[in-house]
Each structure stands twice: as structure tokens, then as C-alpha cells.
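Biologist: Please display the structure, and let us then examine the terms used to describe it.

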Amino acid sequence: MKTLAEIFEHTLEDMYFAENAITKALPKVANAAKDAKLKKAAEDHLEETKGQIKKLEQVFKSIGKKATGTKCDAIEGLIKEADGLMKEASGTALDAGLLAACQAVEHYEISRYGSLREWAKDLGHEEAHTLLSEILDQEKATNNKLTSLAVTAINKTPPSARAA
């Protein structure tokens, strides 16, 4: 890759792969979560992610490209970490870890969509810029919801469950 257009398209493909991978991971998170609010957040975000995939397909179309994914090692690593957590953790630690894992994914998405949005603007892709801004706003809102859940969970956790 040597041009902004090339890195833009590659990163767009990366995120298309990532969002599709996330749709496979979120049901596992929802099933593993013990906290009802975390379970609901994962289920709600699954539906939102499906909508984001459709928006990404619109982005591809707006720049004259076919929607396709490129393997995203970062998202695979984050999902693998969450899978390991689901096998190893239980109780309070499981939900706390799942929240952290979900936020790690959100932070990755926020960084990527922030770059994509600005690149789209620089490249003159107005429709792509608008769609990517919408996705970025959704990812930030999800991260804020997860932060609120984490704070609530900490406040509900008895001191005996906090210490080693």
C-alpha cells in the first residue's frame, strides 16, 4: 500500500471482516454473561453490528468497490482472548472480564472508524464519511454503555468478591 486510497480500502476490508467476526462472537458473550444488563448489552450490540455491516456495504458501494473482508489479526486476537476468558473465569471475574474484553473491541473499532472517517473526508468520499461517522458514533455510545455497566458492577460487587 502506497496511497491513502489503498490504506483506506484495506482498512475498510479489515473492518468488514472484523464486524462479521464480531457477529459470531457476541452470541457467545451474551450466553456466558451472568449479569442481565451485560447479556442485554451484548444482544443489543449484535443487532447494531448487523446494521453496521449494512452501512459498511453502503460505504463500499459509494466508493465503487465490492464489499469484501480482509483477515483482521487484531480482532481475531481480541476474540481469542475473550474466548479464553470464558473458559477460565467465573462469577464476578467472568462478567468483569467480559466487560473489559468488549471494551477492548470497542476501542479498536473506535480507533479504526475514526481513521476511516477522516480518510474518507480527505479522499472526497462524502457519503462514506457520513456513514463512517454514524458507525463511529454508535461505537462510542456502546463504549459509554459498557463503562456505565462496569461502574455499576463494581458498585454492586461485595468487598469479599473484589479481593484476592
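Modeller: Leaving aside neighbours within four places in sequence, threonine 23 touches Leu46, Thr49, Lys50 and Ile53, where contact means heavy atoms within 4.5 Å. This is a predicted model, in which local features need pLDDT of at least 70, side-chain atom pairs count only at pLDDT 80 or more, and totals for chains, interfaces and linings use all residues. Residues are numbered from 1 along each chain as its sequence is written, and side-chain values use heavy atoms, with hydrogens and water left out.

Biologist: Why is threonine 23 called buried?

Modeller: Its relative accessible area is 17%, and buried means under 20%, exposed over 50% and partly exposed in between (1.4 Å probe, protein chains only). Threonine 23 is therefore buried.

Biologist: Which helix holds threonine 23, and how do you know that its span is close to the expected one?

Modeller: Threonine 23 lies in helix H1; helices are DSSP runs (H or I, at least four residues), numbered from the N terminus. The expected span is 1.5 Å times one less than the number of residues. With 29 residues, H1 reaches 40 Å from its first C-alpha to its last, close to the expected 42 Å.

Biologist: What makes the largest nonpolar core a core?

Modeller: The term denotes buried Ala, Val, Leu, Ile, Met, Phe, Trp, Tyr and Cys residues joined through side-chain atoms within 4.5 Å. The largest such set has 44 residues, and Phe8, Leu12, Ile75, Tyr113 and Leu132 have the most contacts inside it. H1 gives the most to this core, with twelve residues.

Methods. Helix = DSSP H or I, 4+ residues; strand = E, 2+ residues; numbered from the N terminus.
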